Amino acid sequence: MADLVYGFASSHGPLLSMTPDTWELRSNVDRVRMHQFRGSTLSFDEMLALRRSSYLIRQNEMDSRIADYQRSQRALDVLADRFAEVKPDVLVLVGDDQEEWFDASNQPAISVLCGESVVNRQYDASEYVEATGMDLAARGWRPPQDEIYPIEQDLAQHIIAQAIEDEFDVSVSARSPMDDKGPLCITHSVGFIVRRIMRDRPIPIVPILQNTFWAPNRPKPGRSVAFGKSVSRAIRSWGGGNADKRVAICASGGLSHYVVDEEWDRRMLNAMVMADEQAMRDEPDEMFRSGTSETKNWFAVACAAAHAGLKMTVVDYVPCYRTEAGTGSGMGFATWE
């Protein structure tokens, strides 16, 4: 049987791919959007009235932003170095899609990609709005030329079979959606991991996309917990000619954003370090909105790894703020060994 030898998790927010002097471009977007925070929907002005403090003022000074950026980059380097040292044969990658691969015509709750490969299209600035800074962020997700990432189809099919056995009605994506340029670009939750953690040296992957963003069919936290254990069972029962395969698993995305909630992030990290499934299951689903919803990807990986006997270590947690209303991203980085 194959062996689940390693796990890791990383935030992938745009501030990781933008230098601190450009973070203000994302701040400008924050000032005109509505925000999800602890179950409430608030305007920027309401967030500012609720959260403004000397602490947040200090965190938004440029020297603090630079220090947070540098800490985050060091943590990413730790993950990249460790991944290179472990040298797994396959990576199961739990991420999410933000209308890059799926759209309103078909939005599965959980999908396992099982085609021959996926494409990460070359960076094209014209696809992004310069004023928002997303053109800069996308350079960390998109390569300078089209890249083909191979899928380990046999393991993908085995994960699907185990999921059905465990009564998960998973969606199957065996062929890339198309547009007039050809196969659609794979979601940035995959692209960021391959480019930043694998350092553009992809090994065979199995992308699993949870619908963490879009109502009405978002899996609840407990469903992500249970699905992670199903994936763990599948990896460790993957037999045939794959008995000597060393498999890693990772979570892409999270923690709290677009509003940083340090207290919540640390509580969720502690639940995962302690492998406290009940705490994860019991967290109200209303807390998982906007980008914070990607923390469900961490839940799935935390439970998959714990089910295989791996222990979690938090490499770093860096709350990166970009406004005095507390908007930004709680950047988390962790391993399971």
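Author: Phenylalanine 8 stands opposite threonine 335 in β14. This is a predicted model, in which local features need pLDDT of at least 70 and side-chain atom pairs count only at pLDDT 80 or more, while totals for chains, interfaces and linings use all residues. Residues are numbered from 1 along each chain as its sequence is written, and side-chain values use heavy atoms, with hydrogens and water left out.

Reader: What makes β1 and β14 a pair?

Author: Two strands pair if DSSP finds at least two bridges between them. β1 and strand β14 (residues 328-336) have four bridges, in the antiparallel sense, so they meet the definition. Strands (E, at least two residues) and helices (H or I, at least four residues) are DSSP runs, numbered from the N terminus.

Reader: Which strand runs parallel to β1?

Author: Strand β12 (residues 246-252) does, and seven bridges join β12 to β1. Within this pairing, glycine 7 has isoleucine 249 of β12 as its bridge partner.

Reader: Why is arginine 195 called buried?

Author: Buried means under 20% relative accessible area, exposed over 50%, and partly exposed in between (1.4 Å probe, protein chains only). Arginine 195 has 17% relative accessibility, so arginine 195 counts as buried. Aspartate 200, at 36%, counts as partly exposed.

Reader: What separates arginine 82 and glutamate 85 in helix α4?

Author: Arginine 82 and glutamate 85 are three residues apart in helix α4 (residues 62-86), and therefore about one helical turn separates them. They form a salt bridge, with the closest N and O atoms 3.0 Å apart. Arginine 82 is partly exposed, at 28% relative accessible area, whereas glutamate 85 is exposed, at 54%.

Reader: Why is strand β11 described as mostly covered?

Author: In β11 (residues 205-210), six of its six residues are buried. Ile205, Pro207 and Leu209 point one way, and Val206, Ile208 and Gln210 the other way. In a regular strand the side chains alternate between the two faces of the sheet.

Technical notes:
A salt bridge is a side-chain nitrogen of Lys or Arg within 4 Å of a carboxyl oxygen of Asp or Glu.
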